Amino acid sequence: MKKVELLAPAGNLEKLKTAFIYGADAVYVGGENFSLRALADNFSIDEMREGIEFAHKLGKKVYVTINIFPHNNDLKGLPEYIKSLKEINADAVIVSDLGIFSIVKEVAPDMEIHISTQANNTNYKSAETWYKLGAKRVVLARELTLKEIKEIRSKVPEDLELEAFVHGAMCISYSGRCLLSNYMTNRDSNRGMCAHPCRYKYYLVEEKRPGQYFPVFEDERGTYIMNSHDLCMIEYIPELIDAGISSFKIEGRMKSSYYVASVVKAYREAIDSYYELGENYKFNPKWLEDVSKSSHREFSTGFYFGRPEKQIYNNSSYIRTHDVVGLVLDYDKESKIATIEQRNRVFKGDKVEVLTSKGPNFDLILDKMWNEEGQEIDVAPHPQMIYKIKSDKELKPYDMLVKEKGD
């Protein structure tokens, strides 16, 4: 049985490397154009080349999103861009529009093509049709149940891969295709500029009572009628694999490196445990605890087990229990001194958890801190400043120092 792929988001080069170091098999990235996350950092061609070379040295893959719904002007420069992706050895492109699909086939006929969830893939006939046109993989719509996915798997060719989201934010509009952003903010979500109006606070206004706002239900904070829970399927790895999914996709190209690291590590451990233990597999509650530490909304299982009872979230706030205070850049084994890049304010004496790419995380007290000049300091207050700490346990580049909020 071929092992399921763990596919992670990578909004920039640091997140790409973080994803691979923490266990992803592949990442999906966006270039500076033609991607549905135009406000993410995104990649220049040179950065993408570096990321692809990094991935391929590890035997891993990079998929590039070209998943906008283009207007005529958006097609300018697209053939040249696709050719450049072929030249830097991108493993696949992710598309949603049939016109873009045809351009890829014309200018890079050997390029592997994945069909985006934006194409509303909800049945086996559409998946089969994309396959006949030359697609290697179909990313399934979030509105499908496990039962429906299992049926699709049974009715499409064996070599057509099925990808499905297993974790992260869920857009309330159908398969993520939203018009509200266009009308309310003049930012086209289907061309990469979504303003996330589904997260806004809404009240009901009667046309003859301007200025009088009524909540849709009794709640002094208003109502969030289009605001969804985050998806989390870490407790259901066997069910996802049994449904015939080829690739588990984590949402979040605009999320932090900490989100990428903690979520990828938890799913990596769960997937590996399932393949190692088989029938003896048991869910480890620690995995859910780990994915809950990075910023998220309340979790649900989406549509996987039928129509969700808990899809709408009653406020727009994130749950944030932990902050990253440092990224490990280097560790000297002889002196046991680690060089850290600051990510959030941290003080001498703070207790931090070290999130490490392999093995259990561990606690560390910051007994002493030094600046780059070797002077002792009591606080590292400035974003991205370099500071040093001592740790008897070896630290590795891309380990993260994490502090519980309120400590």
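**Salt bridges and cores in a predicted model**

Biologist: How many salt bridges does the structure hold?

Modeller: The structure holds 26 salt bridges, each being a side-chain nitrogen of Lys or Arg within 4 Å of a carboxyl oxygen of Asp or Glu. This is a predicted model, in which local features need pLDDT of at least 70 and side-chain atom pairs count only at pLDDT 80 or more, while totals for chains, interfaces and linings use all residues. Residues are numbered from 1 along each chain as its sequence is written, and side-chain values use heavy atoms, with hydrogens and water left out.

Biologist: Which residues does Glu 128 form a salt bridge with?

Modeller: Glu 128 forms one with Lys 125, where the closest N and O atoms are 2.7 Å apart, and one with Lys 132, where they are 3.8 Å apart. Glu 128 and Lys 132 are 4 residues apart in helix H5, about one helical turn, a helix being a DSSP run of H or I with at least four residues, numbered from the N terminus.

Biologist: And is Glu 128 buried or exposed?

Modeller: Glu 128 is buried at 17% relative accessible area, whereas Lys 132 is exposed at 64%; buried means under 20%, exposed over 50% and partly exposed in between, using a 1.4 Å probe and protein chains only.

Biologist: Changing topic, how many residues has the largest nonpolar core?

Modeller: That core has 91 residues, and helix H9 (residues 257-277) gives the most to it, with 11 residues. A nonpolar core is a set of buried Ala, Val, Leu, Ile, Met, Phe, Trp, Tyr and Cys residues joined through side-chain atoms within 4.5 Å.

Notes
Helix = DSSP H or I, 4+ residues; strand = E, 2+ residues; numbered from the N terminus.
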